[in-house]
Structure formats: structure tokens, C-alpha cells
Amino acid sequence: MDIWKLEEKQTDVNIAVEALFDVFTDDSIEQVVFVTNDTDLERALEKIKSLNKVKIGLVIPTTDSVRYPNEKLDIHADWTRKNILIEELKQSQLPRVIQGGRKPVSKPIGWFGQPEILEEIILTLLQVEANRTKCWRWLEKPLPSFDDLPPLTDPPILLLDNEETAKIVLSYAQKYTQLFNN
């Protein structure tokens with residue numbers, strides 16, 4: 001028998017407390033925006049609305065526009081967006097590596113648009129690079145062009161969300177490996 005242990009990390013409670021605290025203590029705030037469709041935040045939105053100090057925005061965390069906001073949340077919002085555009089998500093990404101704490105935190109390969117191709121690129125580069133860190137460095141710097149490959153307009157790491165451009169980066173990795181081995 002499979003048993004899943006699901007844990008609530010009190011995220012909703014923390015969001016509600018921080019939002020209420022900010023509205024109560026910071027008179028410069030004009031607007032609070034919640035990216036949620038979770039009714040656990042309804043009371044927080046209701047209380048913030050009752051203060052009549054700020055506008056409340058509600059963004060539904062989906063990339064399609066067919067998911068409607070929960071009515072219990074929507075009635076407290078001054079404005080609502082039914083989706084987030086893929087381009088907006090791309091612009092909101094944290095850097096690949098975040099320094100701090102005991103050791104840096106790295107963005108998982110699965111968070112890139114073409115994780116299978118990215119893994120193939122890294123495995124190709126590992127034939128000539130000593131470790132994954134050096135592979136990432138290769139991906140983060142502009143590359144020279146080759147006559148037999150399409151030119152890259154950006155560092156390879158910025159071209160990994162699209163299948164076509166990720167495959168071009170793979171071709172560059174293969175060419176690099178080939179030249180390094182000759």
C-alpha cells in the first residue's frame with residue numbers, strides 16, 4: 001500500500017500575516033497583489049479590504065485563460081487577472097545560481113524549457129569539461145560562431161527554452177567537443 005504524506009508548510013498563513021502586517025504598518029503601500037486561487041486566503045483579503053487603505057489585485061496562477069478566479073477571493077479584489085503569460089514567467093525567473101547560506105542553490109534542470117536537450121548538452125560537454133560547473137560556465141558565455149552552424153544571438157543558456165534553439169546549442173556543444181578532441 002502506498003501512503004503519501006502531505007504537509008502543509010503554513011505558506012497561506014505566512015502570506016496572510018505578512019500582507020496584513022504590511023498594510024497595517026506601511027502607509028506608503030497603495031496596492032497588494034495575491035498570486036493565488038486558494039480560498040484559505042479569503043479572510044486575509046476580506047480584512048485588508050475592510051481597512052479601505054489599499055487596492056487588492058488577484059492573479060490566478062495559471063498560464064491559460066480558462067481558469068476562473070474563486071468567487072470567494074474575487075469579491076474582495078479590486079482587479080483580477082485570470083492568467084500569467086509565459087513571457088512574464090520567463091522574465092520573473094531567479095538567476096540559475098543563488099549564493100547565500102551554507103552553499104549556493106541551483107535552478108534544477110527540469111525548470112528549463114527543454115530539460116532533456118539540456119541534459120544531453122551537459123553530457124556532451126562532460127566529454128571535454130571536468131565537471132558540471134564548467135559545463136554551466138560554457139553555457140553562460142557567448143560562443144564563437146561556426147560557418148556550418150546558425151549564429152547564436154545570445155549566450156547558450158538563454159536559448160534553452162525553445163526546442164529549435166536548444167538543439168542548435170546542442171550542435172554547438174557537439175562541435176566544441178569535436179574540436180577539443182582533435
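Me: Where do I start? What domains is the chain divided into?
Reply: There are domain 1 (10-92) and domain 2 (97-181). Keep in mind that the model is predicted.

Me: How far apart do the C-alpha centres of domain 1 and domain 2 lie?
Reply: They are 37 Å apart.

Me: Now the inside. How many residues does the largest nonpolar core have?
Reply: It has 23 residues. L118, I121, W136, W138, L139 and L160 have the most contacts inside it.

Me: Which elements give two or more residues to this core?
Reply: Helices α5 (115-125), α6 (132-140) and α7 (163-181) do.

Me: And which of them gives the most?
Reply: α7 does, with 6 residues.

Me: Pick I121. What is I121 in contact with, leaving aside neighbours within four places in sequence?
Reply: I121 contacts W138, L139, L160, A166, V169, L170 and A173.

Me: Is T177 buried or exposed?
Reply: Buried, because its relative accessibility is 4%, and the cut-off for buried is under 20%.

Me: What does T177 touch, not counting residues up to four places away in sequence?
Reply: T177 touches T124, L125, Q127 and V128.

Me: Another threonine, T62. Where is that one?
Reply: T62 is in the loop between β2 (55-59) and α3 (71-74).

Me: In a loop, then. Is T62 buried or exposed?
Reply: T62 counts as buried, because its relative accessibility is 14%.

Me: What is T62 in contact with, beyond neighbours within four places in sequence?
Reply: T62 is in contact with R67, K82, N83 and I84.

Me: Where does L94 sit?
Reply: L94 is in the loop between α4 (86-91) and β4 (97-98).

Me: And is L94 buried or exposed?
Reply: L94 counts as exposed, because its relative accessibility is 59%.

Me: Charges next. How many salt bridges are there?
Reply: The count comes to 8 salt bridges.

Me: Show me one. What does D27 form a salt bridge with?
Reply: D27 pairs with K53. Their closest N and O atoms are 3.3 Å apart.

Me: What does the pair tie together?
Reply: D27 lies in the loop between α1 (11-25) and β1 (31-35), and K53 in the loop between α2 (42-51) and β2, so the pair ties together parts that are 26 residues apart in sequence.

Me: How open are those two, D27 and K53?
Reply: D27 counts as exposed, at 68% relative accessibility. K53 counts as partly exposed, at 37%.

Me: How accessible are E46 and R43?
Reply: E46 is partly exposed at 31% relative accessibility. R43 is partly exposed too, with a relative accessible area of 49%.

Me: One more. How do R132 and E119 meet?
Reply: Their side chains meet in a salt bridge, 2.6 Å from N to O. R132 lies in helix α6 and E119 in helix α5, so the pair ties together parts that are 13 residues apart in sequence.

Me: And what is the accessibility of R132 and E119?
Reply: R132 is partly exposed, with a relative accessible area of 35%. E119 counts as partly exposed at 25%.

Me: Last topic, the backbone. What is the phi of N52?
Reply: N52 has a positive phi of about 55°, although it is not a glycine.

Me: Why point that out?
Reply: Because most residues other than glycine have a negative phi.

Me: Where does N52 lie, and is N52 buried or exposed?
Reply: N52 lies in the loop between α2 and β2. N52 counts as exposed, at 71% relative accessibility.

How values were computed:
Residues are numbered from 1 along each chain as its sequence is written. This is a predicted model: local features need pLDDT of at least 70, side-chain atom pairs count only at pLDDT 80 or more; totals for chains, interfaces and linings use all residues. Side-chain values use heavy atoms; hydrogens and water are left out. A nonpolar core is a set of buried Ala, Val, Leu, Ile, Met, Phe, Trp, Tyr and Cys residues joined through side-chain atoms within 4.5 Å. Buried means under 20% relative accessible area, exposed over 50%, partly exposed in between (1.4 Å probe, protein chains only). Helices (H or I, at least four residues) and strands (E, at least two) are DSSP runs, numbered from the N terminus. Contact means heavy atoms within 4.5 Å. Domain bounds come from an automatic or database domain assignment. A salt bridge is a side-chain nitrogen of Lys or Arg within 4 Å of a carboxyl oxygen of Asp or Glu.
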